[in-house]
Amino acid sequence: MPSPNTTVSGASPPTPPPARPDSTPKQTPTPAKPTATPRRRNRPGLRVPRAVRRAAGPVGLVVVWFLASTTGVLPESVLASPVDVVQRAVALTGTGELPQAIAASGRRAAIGFLIGATVALALSLTAGLFRLGEDVIDASVGMFRAIPWVGLIPLFIVWFGIDETPKIALVALGVTYPLYFNIYGGIRSVDTQLIEAGRMVGLGRLGLIRYVILPSALPGALVGLRYALSTAWLALVFAEQVNADAGIGYLMSNAQQYFQTDVIVLCLAVYAVLGLLCDFAVRLLSRLLLAWRSSFEGEGA
C-alpha cells in the first residue's frame, strides 16, 4: 500500500489553489478640499437696538402722515397734520385742560379696573378650583359675555344715572371678562402630573393651590391683565362720550361738535399712549414674576 507521501504514477501533481485577490481595494488619495472662506459675523456695534426697531413702526407712520399732510394728499378738513396736533397739545397743556382731562380719565379707569379685577378674580377662582363653582358660574359668565357691553350704556344710565357710576360700571364690566376667562383657563390648564407630584410630597388642598395651581396659572393671568387694561381704556372711550363734564372723552366730544380734528387726534393719541404705558408695566411685571419660567423669546437678531 503506498504511503500518503508516495506519488502515484500517471497522476498529475495537484495544482496549488489560485491566489485570492486582495479584498481590500486600493484607496486612491482624494484631493484636498479648498478651505471655505469663513462667514463674516455681524459686529455687535452694528446691531440695531430692539427699542429702536420697536419705535420704527410708529415713527414711520407719523412720517407718512406728515408727508401726506404737507403734500396736500390728506386735507386738513379730513385729518389735521402732526404739527397741528403737537401745537394743540402744547396749548391745552399750558391752559391745564389736558392734564385735568387725563387725571379724570385715569381716576375712572383705575376705579373701574379695581372693581372689575376683584370680581373677575373671585369668580375665576371659584369656577376654576371647584366643580360646583364651574357649574354655577362659567355658563352664566359665558352667556353675559355674548351681550355687547357697549350696548348696556343706556341701561346703565337708567340704573345709575348720568354721574360717574355708569362710566365706572362700564369699565368694570369690560375688565371682568378677559380677566375671568384667562385666569379660569390658566387654572384648568395646570398639568395633572404636577398635581399628583404635589400630593406625593404631602401638600394639602391649600398647599396645592398656593404652590402648584396659582403659579402655573400666573402666565395666563398676566395675559388676561394685558387684555383687561386695554379693554379698560376702550370702555372709557365709550363711557366718556355720554354726559361727561371732564376727561379725555369730554374733550373729544366737544371737538366733534366744532370739527376740530386736531383735538380728536390728540385725544386718541393720549388714549394710545396711556394704553401703551399700561402694557409696558404689565410686561415688566411679567418679567419679574415669571423669572423662574423659561420661555421662547423668538429667534434671530
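Begin with the residues around the largest cavity: seven are nonpolar, none is polar and one is charged. (Ala, Val, Leu, Ile, Met, Phe, Trp, Tyr, Cys and Pro count as nonpolar, Asp, Glu, Lys and Arg as charged, and the others, Gly among them, as polar.) This is a predicted model, in which local features need pLDDT of at least 70, side-chain atom pairs need 80 or more, and totals for chains, interfaces and linings use all residues. Numbering starts from 1 along each chain as its sequence is written, and side-chain values use heavy atoms, with hydrogens and water left out.

Select Ile153, Phe156, Ile157, Pro166, Lys167, Leu170, Ala239 and Val242 to show the lining. Lining residues have an atom within 4 Å of a cavity point; a cavity is a set of points on a 1 Å grid over the protein atoms alone where a 1.4 Å probe fits but cannot get out. The volume is about 60 Å³, taken as the space filled by probe spheres set on the points, which are joined across faces, edges and corners. Searching the whole structure gives one cavity of 30 Å³ or more.

Now colour α5 (153-160) and α6 (164-188): each supplies at least two lining residues. Helices are DSSP runs (H or I, at least four residues), numbered from the N terminus.

Axes are lines fitted to C-alpha atoms over the stretch in contact, and angles run from 0 to 180 degrees between N-to-C directions. The contact of α6 with α8 holds 19 nonpolar residues, six polar and one charged.

Next, select α7, residues 192-200. α7 also packs on α8 at about 160°, with axes 10 Å apart. This pair is therefore roughly antiparallel.

Which residue forms a salt bridge with Arg88? Select Asp262: the closest N and O atoms are 3.4 Å apart. The rule asks for a side-chain nitrogen of Lys or Arg within 4 Å of a carboxyl oxygen of Asp or Glu. Arg88 sits in α2 (residues 82-95) and Asp262 in α10 (residues 261-289), so the pair ties together parts 174 residues apart in sequence. The count by this rule is six salt bridges.

Terms used
On a 1 Å grid over the protein atoms alone, a cavity is a set of points where a 1.4 Å probe fits but cannot get out, and a pocket is an open set with protein on both sides within 12 Å along at least five of seven lines; lining residues have an atom within 4 Å of a point. Angles under 35 degrees count as roughly parallel, over 145 as roughly antiparallel, 65 to 115 as roughly perpendicular and the rest as oblique.
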